[in-house]
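Hello,

I am handing over the structure we talked about. Please have a look at it, and then read on for what turned up.

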Amino acid sequence: MAALGTTDNLRVRDYILRNFPASSQVTGMSDSGLLTGNIFGLPQDDLFNFQLSQPFNSDQTANINGWEFAIQHRLWETGFGVILNYTIVNGDAKYDNALDPNIGQFALTGLSDSANAVAYYDKNGIQARVAYNWRGEFYNGGAFDPTYVEAYGQVDASASAELKKGLAVFVEAINLTGEGRRGHRRSDNFVTFAQPGYARYSAGLRFTF
């Protein structure tokens, strides 16, 4: 670089290949007339410092606690029933968005409240079910630049009728309301992904031997 007065990598390599044949090997020439080839290290070269990094298991610990509520009830002999549950989860290692982004943080990932509600009918060979599944926003990782997956809920439904023993017709619908998913960084405005949701339908026959 001192001889050429430039840091252009191609020109520097050309200079070395032309002037240091003992530690280089010419293999060709570029369209611009610069030599190409291999440059080798020699025992008398100065030592080169390498900086290596690798992951390690942290000795930091955290606690998770919460509550789970569930109820399942069949409405006498009507065939109707409900299933309800709600889970509350807390952890003592949460990510703080207000701290310096250059400082890594230890935080628990994937913690969020969730809920499910199901109404069903099951009688006289007919089965029907409508379910709502919801999960709150949660921290999805990132020690220096966190990512969050936003709250999401969807409605699914299914029904089937037994035509005769072992043969049934069914219909299913997933994500009836077409809910989409979304994720962001520290700010809700810093979107990292947005997935549109679409309802999916299926129908068919089932035969059981």
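One feature to start with is an open sheet of 4 strands, ordered β7-β8-β11-β12 with antiparallel pairing. Its edge strands, each pairing on one side only, are β7 (138-139) and β12 (191-195). Strands here are DSSP runs of E with at least two residues, helices are runs of H or I with at least four, and both are numbered from the N terminus; two strands pair if DSSP finds at least two bridges between them.

Please note that this is a predicted model, where local features need pLDDT of at least 70 and side-chain atom pairs count only at pLDDT 80 or more, while totals for chains, interfaces and linings use all residues. Residues are numbered from 1 along each chain as its sequence is written, and side-chain values use heavy atoms, leaving out hydrogens and water.

The structure holds 4 salt bridges (a side-chain nitrogen of Lys or Arg within 4 Å of a carboxyl oxygen of Asp or Glu). One of them joins Asp14 and Arg18 at 2.9 Å, N to O; these residues are 4 apart in helix α1 (residues 9-19), about one helical turn. Another joins Glu172 and Arg206, with the closest N and O atoms 3.1 Å apart. Glu172 lies in strand β10 (residues 167-174) and Arg206 in strand β13 (residues 200-207), so this pair ties together parts 34 residues apart in sequence.

Asp156, in strand β9 (residues 152-164), is buried yet has no salt bridge, with Arg200, the nearest side chain of opposite charge, 6.8 Å away. Buried means under 20% relative accessible area, exposed over 50%, and partly exposed in between (1.4 Å probe, protein chains only). Asp156's side chain reaches the backbone nitrogen of Asn175 at 2.8 Å.

Best wishes

Notes:
Lys, Arg positive; Asp, Glu negative; His and termini not counted. Polar contact = N/O pair within 3.5 Å; in protein donor to acceptor, adjacent residues only side chain to side chain.
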